[in-house]
Amino acid sequence: MSEAFAVRGRVVTPDSILVDGAIVIQDQEIIWIGEAPEAQAAGFGAQVVAADSPTDGRYILPGLVDVHCHGGGGQSFPDAKTADEALTAVWEHRLHGTTTLVTSLVTQSPEVLRRQAQMLADLADAGEIAGIHFEGPFVSEAHKGAQDAHYIQAPNPALTRELMIVTRNHTVTMTLAPEEKRAFGSGSVAEVLIENGALPSYGHTDCDSETMRNAALWTREKLGLTPEGVRRSPRYTITHLFNGMEPFHHRQPGPVLEAIADAAGGGAVLELIGDGVHLHPDAVRAVYELVGRDSIVFVTDAMAAAGVADGDYVLGGQAVIVQEGRAYLRNEDGSTGSLAGGTAHLLDVVRNSWRNSGLPLIDAVYCASMQGAKILGESERIGSLQAGKLADMVVVDENLYPLQVYRRGIQVASVPTS
């Protein structure tokens with residue numbers, strides 16, 4: 001058993017901020033958390049006294065949980081040729097406070113999906129990532145965004161079942177458009193996902209409001225009938241709300257309003273890319289006020305350029321140009337096309353949602369930590385700073401820029417070299 005140590009600062013819990021808080025860590029777990037003056041009575045006075053007493057207004061946040069991320073640090077999960085290349089992207093986000101990461105693939109050929117999924121499943125077995133998200137290939141061409149239209153196909157339960165086998169229970173979610181036959185219902189892709197412990201995530205869709213409502217009702221019922229030990233979460237997700245779907249219109253409402261209504265009723269959990277590029281800050285605030293923090297999960301949708309310079313990149317084999325931190329598909333004539341993912345870290349999304357959208361810090365952090373943990377079915381182990389949970393946390397300055405990151409009680413110092 002290793003020696004216990006403490007970290008001190010303004011501790012952000014799910015319910016409050018401990019102004020002079022302390023967290024005591026031993027081995028991989030948090031063994032005590034509370035106000036620093038109370039540590040002596042709890043038997044941890046020596047550890048807290050030995051910790052740095054912060055005078056810089058630092059916060060201690062739980063390690064962040066990103067359930068939709070395509071890459072970073074110059075590397076892309078859909079395009080990585082080796083596990084080491086994929087790990088470069090993992091570490092880019094880990095160094096910025098994302099201690100739990102779901103790696104996202106994009107619409108590609110079945111052969112490529114199987115190959116990349118196998119590599120990522122190996123990383124999940126090794127504990128480096130939390131699982132895999134398939135963004136496609138069963139999406140709408142009308143709202144494909146940066147998905148490659150050459151590989152979009154109709155919902156295929158047999159292929160879905162193959163991917164579940166390849167990923168060895170490491171699939172977390174799959175984005176699919178609900179309007180196509182066999183997307184949801186008996187014998188559908190969504191049914192295969194749920195029965196294999198994964199969640200449908202409706203998005204990149206051209207569906208109308210009735211279809212979205214029917215998909216929501218069926219999915220809620222199916223998840224409710226699925227034993228708790230089989231599913232990750234009792235709630236399905238919506239892939240990056242507003243992005244990749246028909247905008248709301250009062251005479252043709254489309255999927256957006258139904259998704260928000262279902263989330264408000266405890267059904268869907270809404271992904272929001274609150275990076276200031278994909279959504280206006282007021283849109284983030286309004287959705288938060290409508291559905292509350294328990295129905296929102298912040299994600300990055302980050303691609304290879306997260307944390308590195310503007311320039312030319314690749315996403316799922318497609319050319320991407322990043323200009324002033326914004327990623328776009330590069331058209332054949334050299335012009336820019338659709339947004340092609342994000343370039344932010346999840347901590348940037350928290351900061352932006354706190355500073356620019358006006359969310360309470362506690363709730364912005366919750367949407368980027370505890371909510372992802374719930375989707376993974378891991379909220380008893382990660383997602384918040386509580387005794388008995390893994391010691392995943394990020395120490396940040398008063399402006400939420402990272403100072404130190406701890407994962408499983410070990411300080412993350414730099415990218416490891418072989």
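The radius of gyration of the protein is 21 Å, which agrees with the value near 22 Å that a compact globule of 418 residues would have. The model is predicted. Along the principal axes, its C-alpha trace spans about 65 × 45 × 40 Å. The secondary structure consists of 12 helices and 21 strands. The chain is divided into domain 1 (5-61 + 385-414) and domain 2 (64-376) by the domain assignment.

**Domain arrangement and interface size**

- Domain 1 is assigned two segments, 5-61 and 385-414, while domain 2 is assigned 64-376.
- A distance of 31 Å separates the C-alpha centres of domain 1 and domain 2.
- Contact between the domains involves 23 residues of domain 1 and 20 residues of domain 2.
- The size of an interface is often given as the accessible area lost when the parts come together.
- For domain 1 and domain 2 the buried area is about 1,800 Å², and carbon and sulfur atoms carry 68% of it.

**Polar and charged pairs across the interface**

- Six residue pairs are in polar contact across the interface of domain 1 and domain 2, with both residues of each pair at pLDDT 80 or more.
- The count of salt bridges between domain 1 and domain 2 is one.
- Asp15 and Arg293 form a salt bridge through their side chains, with an N to O distance of 4.0 Å.

**Make-up of the domain 1 side**

- Strands S4 (59-62), S19 (393-396) and S20 (402-407) are the elements that each give two or more residues to the side of domain 1 touching domain 2.
- S20 supplies the largest share of that side, four residues.
- By residue class, the domain 1 side that touches domain 2 has 14 nonpolar, four polar and five charged residues.

**Salt bridges in the whole protein**

- Side chains of opposite charge can pair when their charged atoms come close.
- The total for the protein is 19 salt bridges.
- One of the salt bridges joins the side chains of Arg94 and Glu128, at 3.1 Å from N to O.
- Arg94 belongs to helix H3 (residues 83-94), whereas Glu128 sits in the loop between helix H4 (110-125) and strand S9 (131-135); the pair links distant parts of the chain, 34 residues apart.

**Backbone exceptions**

- Most residues other than glycine have a negative phi, and most peptide bonds are trans.
- The Gly136 to Pro137 peptide bond is cis, and its omega is near 15 degrees.
- Pro137 lies in the loop between S9 and helix H5 (157-167).
- Asn169, a residue other than glycine, has a positive phi, near 70 degrees.
- The location of Asn169 is the loop between H5 and strand S10 (171-176).

Conventions: Residues numbered from 1 in each chain as written. Heavy atoms only, no water. Domains from an automatic or database assignment. Contact = heavy atoms within 4.5 Å. Buried area = accessible area lost by both parts, 1.4 Å probe. Polar contact = N/O pair within 3.5 Å; in protein donor to acceptor, adjacent residues only side chain to side chain. Nonpolar A, V, L, I, M, F, W, Y, C, P; charged D, E, K, R; others polar. Rg over C-alpha atoms; globule rule 2.2 N^0.38 Å.
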